[in-house]
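Subject: Structure for your review

Dear colleague,

Please find below the sequence and structure that I would like to hand over to you. My notes on what was found follow directly after.

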Amino acid sequence: MSCGLQVDCPVNIQECLLSASNDGYHFIVTNTIHPNYTRFTLNKELSKLISRTDRILTGNDWNRLIVGILSRVNVDSEVKHIQEHSKKLLSQELGFTSHLGLPAVMLNIHQRRNSNLAQILYSKFIMGTNYQVWITLPMVHPTQFSPICTENEREDSWEWWNDLRRYCNFDKRLGLALEMPESEHMPTDLELQRWAGEPVKAVILPTHLFKLNQHKQPVLPRVHQDVIQKFLSIDVQYIIKGPVLDGTTYRQYNSYIHFLGKKLYQVSAMTEFVKGCEDYLQNPLQPLTEHLETMIYEVFERDQVKYVEYQRAIQKALEDLSSDIEVPIIMVVGAGRGPLVQATINASLIVQRKVKIYAVEKNPYAINTLEDRVQNEWGNQVILVNEDMRTYNPPEMADILVSELLGSFGDNELSPECLDGAQRFLKLGGISIPCSYSSFLAPFQSTKIFNEIRTNRPHDKTLESVYETPYVVHLVNYYQIAQSKELFTFTHPNWDENRTNERYKSLTFTTPQNCVLTGFLGFFETVLYKDVTLSINPQTHSTNMVSWFPIVFPLHEPVQLHEGNTIQISFWRSESADKVWYEWCLEAPVRGSIMNPNGRSYFIKKH
């Protein structure tokens, strides 16, 4: 955990840095312009001597160890001379910030209307400034609990922030520094979830929030620890602010924050598996047209939860097969490097029933691995077939068809098309594992993902096309606005002669609080067999399963939502002779255009 110390106007900034570093702090937060340098002028130009010389620190120290605090100005004042003077001061400070090479500056806002401020900041961003601006706000606005404020006078800190960042077109250089409130004025869980979907760069911890425990060490109440735990996943920094409590030193506060991070950080199979993937955009796999590589197979095979459930499903299916079938035929289609073949062998040993296994895999390089396993592990009970399951003509029919073709959205790796082609060698009354799967959608807010899509556009793609492309993402810095709802369902085997895998459905959601819609999250649930299921849907997520991340369907622009708004989306799954694609369209609260028409920006190849 990165922890900084806020020090107002240190007499000697070098000694202050050394002292903070000795106490374990990674940076200090202090005034960009020292207040000893008077800059107030009505009719004259600002003084050229504006602050201490930059030579007191090296450029590397300014760039790594100092976060600036901008002076309190009011560029949106209705008093003309205050407004003009404030603009001069702010412009000068931002210029000096750039000159020093500071990584970030903190700026307090004191009213909701900040159009002039936004215009100044956005102009700097457009010009290519290299520093971030952290807007400092209380996590809960004081008017929310003030005894003298009426209901109509209560303000929401999030609304202040939202207005400002919308003026600045959600620029990624604009972030948040949230000040932790008193324990009796904490945000609701819903409000906290919304803050967790914002670009929070720092959480400010005033020293008066700490209490002394029986060992005379400063500690935070449990309610504050819960908030810190919520922000651990998005890697915010913490800033200690204010005078120390009697008998304590700043070193103790820093040590406690690091202790708290270790105490609250929950290590699981998921955290180790996803390390380095946080909010990273990945293109969905196209396994029908691209041979998977060793690294991808290894990632899949590390998830033992999935294969344990597959083994349970195969075991139950074998137990349900008629005893008249002397040696059941099991075909594993899309066998990869063999984890499902191994699960099948394990299940047959458990039920003590001999089986004959066909492993069908089109990837010639994965066949190399399978050949080795046949020779050294499985023996002659496994027959290898290096063909596409959709065209393979087997010598005998299968009793059980086992596949591992699901993507993050269930059907987005063409499991329906593959299994419809493969079911021709499944006996009537045969069992498919999985036997069904459903996709789910949920609205979400994440300006982090919105900006990742906007700023990481490949040279060969238009801005329109990157927003019409779904991405697989391990989401961290996001807020899911409403619970997911079921979209499309596919069942196997599907003996309907008029079957089609094209789908259309419209879903509606209700907004629980004011927020911003940036896109929709996709999940899936699957029934492998009977009561054996797998799920990445948050409401039913399989414990410790890490094989799939959610899929993101973006919108071209963020959409402002108000509490009680209806969110409606229309969604299509379309296909042609050579490809499958999705189209989606926001219907409410505002109607957008249909995205990805005819698969112009993204499609899944059939061949």
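Helix H13 has a buried side made up of Ala366, Ile367, Leu370, Arg373, Val374 and Trp378. Please keep in mind throughout that this is a predicted model. The buried residues of H13 pack against helix H10 (294-301), helix H12 (339-351) and strand E13.

Both ends of H13 deserve a look. At its start, a side-chain oxygen of Asn363 comes to within 2.9 Å of the backbone nitrogen of Tyr365. After the helix comes Gly379, with a positive phi near 70°. Glu371 also belongs to H13, which spans residues 364-378. With a relative accessibility of 36%, Glu371 counts as partly exposed, because it falls between the limits of 20% for buried and 50% for exposed. Between the C-alpha atoms of Glu371 and Val382 the distance is 9.8 Å, and the two residues are 11 apart in sequence.

An open sheet of 5 strands has the order E13-E12-E11-E14-E15, with parallel pairing. Strand E13 (382-385) and strand E15 (426-433) are the edge strands; each has a single partner strand, so one side of each has no neighbour in the sheet. On average, neighbouring strands of this sheet are turned by 20° against each other, direction ignored. Within the sheet, strand E11 (residues 329-333) pairs with strand E14 (residues 398-403) in the parallel sense through 4 bridges. Val332 has Val402 in E14 as its bridge partner.

A further parallel arrangement involves strand E5. Of the 7 residues in E5 (residues 132-138), 5 are buried. E5 pairs with strand E4 (residues 104-108) in the parallel sense over 5 bridges, and Ala104 stands opposite Gln132 in E5. From E4 the chain passes through helix H4 (residues 115-126) to E5, in a right-handed β-α-β crossover. E5 is also joined by 6 bridges to strand E6 (residues 174-179), and these two strands run parallel. Here Ile135 has Leu176 in E6 as its bridge partner. The chain goes from E5 through helix H5 (residues 157-167) to E6, again in a β-α-β crossover that is right-handed. In the loop between H5 and E6 lies Asn169, which has a positive phi near 55° although it is not a glycine. Asn169 is partly exposed, with a relative accessible area of 29%.

Antiparallel pairing is found in an open sheet of 4 strands with the order E20-E24-E25-E26. Its edges are strand E20 (503-510) and strand E26 (604-605), each with a single partner strand, so one side of each is left without a neighbour in the sheet. Strand E25 (residues 579-588) and E26 run antiparallel and are joined by 2 bridges; Lys579 stands opposite Lys605 in E26. The loop between E25 and E26 holds Pro589, and the peptide bond from Ala588 to Pro589 is cis, with omega near 15°. Another cis peptide bond runs from Ile433 to Pro434, with omega near 5°. Pro434 is placed in the loop between E15 and strand E16 (436-445).

What lies at the centre of the nonpolar packing? The largest nonpolar core has 173 residues, and Leu205, Phe231, Tyr238, Ile433 and Phe571 have the most contacts inside it. Strand E21 (residues 515-529) gives the most to this core, with 9 residues. Leaving aside neighbours within four places in sequence, Leu205 is in contact with residues including Met180, Phe210, Tyr238 and Ile257. A second, separate core has 11 residues, among them Val67, Trp134, Ala177 and Ile204.

Asn254 lies in helix H8 (residues 250-264) and counts as buried at 4% relative accessibility. Its side chain reaches the backbone oxygen of Gly24 at 3.3 Å. Not counting residues up to four places away in sequence, Asn254 touches Cys3, Asp23, Gly24 and Tyr25.

Yours sincerely

Technical notes:
Residues numbered from 1 in each chain as written. Predicted model: local features only at pLDDT ≥ 70, side-chain atom pairs only at ≥ 80, totals over all residues. Heavy atoms only, no water. Buried < 20%, exposed > 50% of the residue type's maximum accessible area, 1.4 Å probe, protein only. Pairing = 2+ DSSP bridges. Right-handed = clockwise from strand over helix to strand, strands pointing away. Polar contact = N/O pair within 3.5 Å; in protein donor to acceptor, adjacent residues only side chain to side chain. Contact = heavy atoms within 4.5 Å. Core = buried A, V, L, I, M, F, W, Y, C linked by side-chain atoms within 4.5 Å. Axes fitted to C-alpha atoms, helices over the stretch in contact; angles between N-to-C directions.
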